[in-house]
Each structure stands twice: as structure tokens, then as C-alpha cells.
Amino acid sequence: ALLRGAPQRPGTPRAVERGDRLAYVMFTSGSTGLPKGVGVTHDDVLALAADAAWRDGVSDAVLMHSAYVFDASTFEIWVPLLNGGRVVVAPSGGLEPRVLREMTERYGVTSLFLTTSLFNLVAETDPAAFAGLRLVSTGGEAAAPGLTQRVAEAAPGTRVLNVYGPTETTTFATRHRVTAGTSGVPPIGRPLDGMNAYVLDDRLRPVPPGVVGELYVSGRGVARGYLGRARLTATRFVADPYDAAGARMYRTGDLARWTADGDIEYAGRVDGQVKLRGFRIEPAEIENTLLTDPAVRSARVLVREDVPGDPRLVGYVVPEPGTAPDAAALARTVGRALPAYMVPSAFVLLDALPLNANGKLDHRALPAPRAATAAGRAPRTAHEEVLAGLFADVLGLDAVGVDDDFFALGGHSLLATRLTGRVRTALGAELDLRTLFEHPTVASLAAVLDTSGAARPALVPQDRPDPVPLSFAQQRLWFLNRAEDSGDTYNVPLVLDLEGPLDTDALRGALADVVARHESLRTVFAEEDGVARQVVLDAAHAAELVPLAVEEPPAGADAEVWAEEAVARLAGAPFDLAGGVAFRAGLLRLGVDRHILVLVPHHVVADGWSLAPLSRDVGAAYRARLAGEDLPDWPALRVQYADYALWQRALLGEGGDPDSLAARQLAFWREALHGAPDLLELPLDRPRPAVPSHRGGAVPFELPADAHAELTGLARAAGCTPFMVLQAALAVTLRAHGAGEDIPLGTAVAGRADEALDDLVGFFVNTLV
């Protein structure tokens with residue numbers, strides 16, 4: 001009975017006069033967070049019910065255990081009813097093997113559908129529980145190797161189907177019968193009766209067998225579109241170029257390949273690709289590699305950012321009963337087949353993957369990885385307790401013992417910099433990186449930490465004089481900008497490839513919100529009597545200061561070639577620091593659902609670290625605009641860059657004052673670098689240019705997993721970071737090539753020694769020799 005929404009008076013429903021009328025609207029999640037209402041017609045439902053797979057008594061009694069808002073209910077309700085069968089409603093609660101056996105024996109259930117995760121649970125516990133059924137189908141996620149085959153062996157009278165289909169193709173689009181004796185991950189098979197499946201490249205051309213492309217589905221069962229969202233419908237439901245009658249096909253967003261046998265293999269999601277440290281990564285590829293390990297029953301891989309600014313790949317593994325693979329073994333499994341950058345940095349063993357109400361993987365319930373800590377002493381003093389809490393917070397751990405090594409727990413130079421700022425804030429003590437490296441445990445650090453002296457003044461909002469001076473780093477870049485033609489040398493471009501529908505007005509508003517949030521992005525550098533000063537422009541004019549220009553390729557031009565040239569032009573255009581803000585944005589429209597966003601700040605207002613908060617803030621503001629909100633719920637920035645510049649000037653003083661901190665540090669570095677070579681005498685394959693061209697080069701290479709393990713082991717044994725080991729190796733290499741004994745190496749340091757600067761867009765990086 002309907003509790004809400006039923007008609008006031010019961011009666012006979014209106015007759016359906018045409019099959020293209022809507023039968024229902026099923027809402028499914030969207031990439032923007034807004035649900036999409038998929039309009040499914042009566043013809044679509046009839047096409048599903050007419051497939052040959054449901055004949056021979058399969059649809060006599062179908063078990064319904066899915067929520068009616070989940071599209072599997074279309075199969076569970078209408079396939080039996082439209083084929084003369086009946087619906088058997090499962091009792092509330094989980095579908096355990098015992099319940100399945102009882103429903104089969106008592107009510108004569110002949111078939112059912114289970115999501116992959118739920119099927120795996122039953123198959124692992126009692127694969128023979130499916131005996132007595134004529135057919136069991138499973139899908140919704142990538143199948144695990146061996147489990148469907150195990151059921152086929154344990155229940156030889158039951159047909160086992162691995163099925164595939166988005167809501168937009170009326171529950172199922174392809175099917176594959178799994179038989180006993182086969183191995184590996186089963187394919188998703190071939191199209192249902194009356195449907196077509198294409199694996200196409202980005203120009204809608206078929207790809208050969210074995211080559212990955214995007215999966216498109218056409219024919220009977222393809223839904224009408226998204227209710228009230230014509231633009232989104234046009235981007236996902238496109239014309240079928242291989243149908244003379246002008247049919248439509250649905251762009252699934254799934255990656256697939258044809259096998260030599262004519263089946264389709266699932267290869268992941270187009271939008272499932274992630275970019276980590278500059279590399280494009282397909283998590284499904286890592287998952288499939290893990291599943292080749294006999295000790296792994298199921299696996300999921302995703303990017304987590306438990307520590308802000310430190311994203312990493314994490315693998316979740318359900319081991320086979322009686323096995324307990326360790327992280328090193330799992331890393332070797334991946335490292336033997338894939339590049340080093342695709343090896344997860346942490347693995348979490350689970351008894352089972354968590355499921356949501358629809359029986360699919362619940363990503364939010366996956367636990368954060370925990371680093372193993374020594375079973376050592378608990379904090380004994382107030383300082384140890386505070387430091388233990390700071391260690392855990394920075395490393396993203398639940399707890400840290402007083403004898404645990406910061407770097408052995410995953411700490412590195414950037415996190416160490418963040419820790420020093422947190423220690424200063426919490427304890428009012430100065431902590432330099434050398435002290436942390438020499439005393440990397442809570443106990444040893446607490447023993448040497450001096451909290452009696454005066455810490456540097458806190459970084460807080462400052463009174464703004466007129467004029468506001470530049471920071472020392474800005475002053476250096478401003479001088480170079482005025483003294484020489486630096487071109488695009490100090491541009492810091494951020495190029496984002498955007499897939500899917502895009503609301504340009506919302507993006508334009510989001511960009512203005514971010515420019516208003518960060519003063520550095522609306523700052524100009526005026527000059528008075530040869531001295532530069534900062535002028536922060538009014539946030540109310542943010543949209544005018546950084547307009548979002550939209551460009552499209554000329555008619556007949558190759559879109560990819562044009563986009564590459566346009567990105568180079570936008571990223572390489574020089575800035576006039578005195579004539580306008582040092583930030584620009586451009587949007588390249590390559591198609592209705594493909595855009596490239598180019599954000600270009602000058603180095604004088606942003607560094608490499610800044611690109612992370614910049615992209616996060618743009619994303620948050622865009623989502624808020626889509627939701628109709630004025631601003632996202634982001635925390636207020638503690639300070640702005642002008643506050644930092646004033647604070648730095650007050651702290652260091654002027655170099656001309658012999659008693660200032662700046663003068664003392666300058667004297668130290670002059671002495672430390674005295675006698676250092678101005679130029680390393682290295683063998684060159686061409687003459688050094690008289691004027692630097694700033695055209696550097698990069699030579700990427702892969703470090704095998706076993707070599708990486710030895711590198712980190714050596715670093716821990718030596719009490720340093722892998723970066724330090726690599727820098728020492730570089731110095732040894734340069735010496736072997738004739739660079740001499742005194743080899744100065746410049747290293748970029750973040751310069752964000754105060755936690756108030758973590759989320760700020762600004763120029764803080766410095767070079768340490």
C-alpha cells in the first residue's frame with residue numbers, strides 16, 4: 001500500500017496508448033552531486049522483459065529484494081509479471097544464504113539479481129546457496145575473479161550471468177554466461193536482444209579488439225533522457241552514426257574493450273581516472289592487477305587525502321580465507337605489472353567491503369589506513385602529550401606513541417614543515433627542521449624543545465599602512481620583471497581538463513568568488529620613486545578583474561591541435577605587473593561536454609603549493625553555485641598575503657640595520673657560501689648560451705618497487721628522508737662527472753612555516769642551498 005502519493009480515490013489506471021510514454025522516472029546520482037531523473041518508457045521496460053535470457057522458466061518466480069528506487073527493481077517486478085510469472089518479495093533485512101535457501105524451497109524462487117558486492121558475500125560464504133535457482137545474475141560493479149565460477153561449480157543446474165547496464169539503458173544492456181572451469185575476471189558479455197554496443201574512440205570510431213575505448217549502447221531499452229535537463233540529455237544521449245534509421249545511443253562513460261571471442265570486457269570509468277602527482281591513473285587497472293594475486297578475493301583502490309595537501313593511493317583488499325597478504329607483497333604484485341606511480345602507498349585489509357543500502361560499495365565507510373606504531377610508552381608529560389597529538393594530526397593517524405619515529409610513520413619534508421608551524425602555535429616554541437631530523441620521536445623532541453625562550457610573533461592580521469610593502473620574495477621577482485624580459489618564465493599555469501556538462505555562468509561566478517577570497521589574486525604592484533608596493537583591489541570587482549574568456553576552435557580546425565596551441569598561448573603570455581592583476585583565466589570549449597580550464601597566476605602571487613588550495617576553492621565555489629548558494633561553506637582565511645608581507649618585514653627588519661635578524665641571516669649565508677663555485681664545470685654537449693633561455697628539460701624514469709623499498713629503508717636507517725638520499729646520490733653523480741668536491745645544490749622549500757598559510761594562495765617558496 002502507498003503511504004503517501006496515492007490517488008484520493010482508487011480506480012483503474014489509464015490505458016497506455018503509446019509505448020514511448022514514460023513508465024517511470026528513476027533518480028540516479030550525478031557527478032555534480034545533483035540527482036538526475038532518468039525517464040524510462042513503457043517500450044524500454046518491454047524490451048528488457050522480452051530478452052531471451054528470461055525464458056525457459058527463469059521468470060516464473062523472481063525474488064524482489066531491491067529497494068524500488070534502485071533500477072534492479074525494474075527487472076524484479078516487470079520481467080516476471082510481463083512473462084506470466086510472479087514476484088516473490090524477500091523479507092526485510094540482509095539476504096543471507098540461509099534466507100535465500102528458504103525462499104527458494106518455500107516459494108519456488110527461480111531467479112534473482114544481486115549486486116556484485118552482495119553476490120560476492122553469498123558466494124564466499126555458501127556458493128551452493130544458489131542451487132535450486134534456474135538463474136542468478138550479478139552486476140553493478142567489476143566482477144571478482146573466481147567467485148562467479150565458484151557458484152557455477154557449486155550449483156551446476158543454475159545459470160550464472162555477469163550483467164552490465166546503467167539506469168539509462170533500463171537496468172541491463174549486456175550479459176555473459178559464466179561457466180565452471182573458466183578463470184579470471186568474466187567479461188560483461190554481449191548486448192541484450194534488440195540492443196547494440198559500440199566501443200569507440202574520442203571521434204566515435206570503432207576501436208579494434210584489445211584496445212580500450214568508451215562504451216556506447218543503442219537500440220531498444222535506451223531511456224528517453226533526463227527529466228527537465230535537456231542540455232545534459234543532449235551530451236549523454238547522442239546520435240548513433242551506425243544506425244541508418246537515426247537512432248540514439250547512450251554514452252555510458254565506461255571504458256571497455258572487445259575480446260577476440262566477441263565479448264566486451266569492462267575496463268573502468270572515463271571519469272574514474274585520477275591525476276596524482278602529474279600522472280593519470282585508472283584505479284580499475286590497479287584493482288584488476290591486485291585480483292590476479294591468489295591471496296586477494298576482492299579489491300578497491302582510491303585516492304585519499306587524509307592529510308590536507310598529501311593525497312595518496314590506498315588499496316582496500318579482502319583476502320582469501322586463510323591468507324593474510326602483507327603490504328609489501330601486495331605492492332610487489334602491482335609493481336611487477338604497473339609503473340611505480342600506480343603502486344598504492346598503503347593497503348588496508350578488510351573482512352568485507354562495506355555496502356550501502358543498494359548493495360553497492362559504500363566509499364564513505366572505507367576506513368583510513370593506519371600506520372603501524374610501536375607498542376611503546378604513552379605520553380608522560382604535558383609537552384609529550386601535546387607533541388603526540390600534533391604528530392598524529394599532521395600524519396593523519398589516530399594516535400602516536402612517544403617512541404614512534406615521525407619519518408618512519410610516513411612523514412616527509414613538507415609534513416615536517418607543517419609540524420614545525422603547529423608546534424610553534426601550540427607550544428610557543430621555535431622548532432627548526434634540523435632539530436626534528438635529529439630528534440624525530442615525541443620523547444626525544446620533547447626533551448630538547450626549548451619553550452622558555454621567546455617564539456617568533458604570531459602571524460595574525462596586521463594593521464595596513466599605506467603603502468603596503470612587498471614581501472622579500474616578491475621584491476626579488478618584481479625586480480627581475482622590471483630589469484629583464486623574463487617572458488613566461490615565472491608563469492605558474494594550472495590546466496584542468498573538464499569532462500561532462502559545464503555551467504559556464506556558475507564557473508565564472510565561482511572564479512570571482514575565489515578571486516574575492518584571496519587578496520593576492522587581485523593585487524597590482526604600483527611603483528613610487530622606484531619602490532614597488534602592493535595595492536589590493538576591491539573584492540566587489542573580482543569578476544571584472546579576472547574575466548573568464550571562452551574560446552572555441554575555428555570551423556574545420558583540429559580541436560586537439562588547436563587546444564594545445566591555445567593552452568600554450570594562454571600559459572605563455574607575459575604579465576605587466578604594474579598594469580593589472582597577476583592572474584588570468586581562460587576556458588576552451590572543445591565540445592558540449594569537454595572543456596579545458598586554464599588558470600595562470602604569476603609567480604609573484606602564487607607558488608606550486610598554491611595550486612592545491614586554488615583548485616580546491618574553485619571546485620567548492622562551483623559546486624556551491626550549482627546548488628544555488630551564494631558562497632561555499634569554506635573556513636575563513638586566517639590571514640591574507642599582505643598580512644604575511646608586513647609580518648615578515650617586522651620580523652626580519654631591514655638588511656641595512658646591522659642588529660636586524662635579516663642582517664644576521666645574510667651574514668651567515670655569505671659566510672656559508674663563501675668560496676662556493678659560481679658555475680659547476682660539467683662536460684656539455686653544446687656551448688652554454690650567453691643569455692639564459694630558461695628552456696629546461698625533464699627526463700622521466702621509473703624506479704622499480706624493490707629499489708624504492710631499499711631507498712626508503714636506507715633513509716630510515718640513516719635518520720633522514722628519501723629526498724636527502726636522492727640529493728646525496730645526485731651530488732655523487734655530479735662529482736663523478738667532474739663537478740668537483742664543493743657542489744651547491746638548490747632545493748625549493750615551501751616557506752609556509754605557519755599553519756595559517758596552509759590554505760593561502762601566495763608566493764612563499766624559497767631556495768635553500
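1. In this predicted model, the C-alpha centres of domain 1 and domain 4 are 49 Å apart. The protein chain is split into domain 1 (22-195), domain 2 (274-349), domain 3 (382-447), domain 4 (468-645) and domain 5 (655-691 + 699-768), with bounds taken from an automatic or database domain assignment.

2. On conventions, residues are numbered from 1 along each chain as its sequence is written, and side-chain values use heavy atoms, with hydrogens and water left out. Local features need pLDDT of at least 70 and side-chain atom pairs count only at pLDDT 80 or more, whereas totals for chains, interfaces and linings use all residues.

3. Helix α4 (residues 116-125) and helix α5 (residues 147-154) have axes that come within 10 Å and cross at roughly 50°, which makes α4 oblique to α5. Helices here are DSSP runs (H or I, at least four residues), numbered from the N terminus; axes are lines fitted to C-alpha atoms over the stretch in contact, with angles from 0 to 180 degrees between N-to-C directions. Oblique covers the angles left over once those under 35 degrees (roughly parallel), over 145 (roughly antiparallel) and 65 to 115 (roughly perpendicular) are set aside.

4. Phe119, Asn120, Ala123 and Glu124 of α4 make the contact (heavy atoms within 4.5 Å) with Leu147, Thr148, Arg150 and Val151 of α5.

5. Across the whole structure, a search finds 33 salt bridges, each a side-chain nitrogen of Lys or Arg within 4 Å of a carboxyl oxygen of Asp or Glu. Arg625 forms a salt bridge with Asp513, their closest N and O atoms being 2.9 Å apart; this pair links distant parts of the chain, with Arg625 in helix α17 (residues 611-626) and Asp513 in helix α14 (residues 504-517), 112 residues apart.

Key: Helices (H or I, at least four residues) and strands (E, at least two) are DSSP runs, numbered from the N terminus.
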